[in-house]
Amino acid sequence: NERGAQLRRRGDHERAVEQHLIALAIVRDLGDEQAVALTLNNLALALAQGGAEAEAVQHLEQALVVLRELGDEKHEARVMANLGMVHRRQGHSEEAVNLLHEALDRLPPESPAYRQIEAELRRAS
């Protein structure tokens, strides 16, 4: 999963997707639901940055379901923000703004994620 994230940050989205898919199979075999959700999130980011926004939305929505079941609000807020950013790229501004606001409501204002989401919200407005 980390290797995929590194590749994504370098702009190698295709290889990042491959690495995240491998990681996803491993964490599913291990039964680590939180790791499944976080890997789905990273896979979605790689897909979105590679232009596959519709597929990215599906993975982000799956990650949200898992995180809600786990009661993991911190990660849920970050995934929600990522989903908002993908919706913004797709031109779904209203849905994007709603998701970004909801994500802000779940994070402490002093967190770096909160500040990143605020900046994204300004760009979406």
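Which residues does E120 touch, not counting residues up to four places away in sequence? In this predicted model, where local features need pLDDT of at least 70, side-chain atom pairs count only at pLDDT 80 or more, while totals for chains, interfaces and linings use all residues. Residues are numbered from 1 along each chain as its sequence is written, and side-chain values use heavy atoms, without hydrogens and water.

E120 touches M85, R88 and L100; contact means heavy atoms within 4.5 Å. E120 lies in helix α7 (residues 112-124). Helices are DSSP runs of H or I with at least four residues, numbered from the N terminus. E120 has a relative accessible area of 4% and is buried (under 20%; exposed is over 50%, partly exposed in between, with a 1.4 Å probe and protein chains only). Its side chain makes a polar contact with the side chain of R88 at 2.5 Å. Such a contact is a pair of N or O atoms within 3.5 Å, one able to donate a hydrogen and the other to accept it.

Q90 sits in the loop between α5 (73-89) and α6 (93-105). Its relative accessibility is 29%, so Q90 counts as partly exposed. Not counting residues up to four places away in sequence, Q90 touches E53, A54 and V57.

Helices α3 (residues 33-49) and α4 (residues 53-70) have axes that come within 8 Å and cross at roughly 160°. The pair is therefore roughly antiparallel (over 145 degrees). Residues in this contact divide into twelve nonpolar, four polar and three charged. Among them are L40, L43 and L47 in α3, and L60, V66 and L67 in α4.

Methods. Axes are lines fitted to C-alpha atoms, for helices over the stretch in contact, and angles run from 0 to 180 degrees between N-to-C directions. Helices (H or I, at least four residues) and strands (E, at least two) are DSSP runs, numbered from the N terminus. Angles under 35 degrees count as roughly parallel, over 145 as roughly antiparallel, 65 to 115 as roughly perpendicular and the rest as oblique. Ala, Val, Leu, Ile, Met, Phe, Trp, Tyr, Cys and Pro count as nonpolar, Asp, Glu, Lys and Arg as charged, and the others, Gly among them, as polar.
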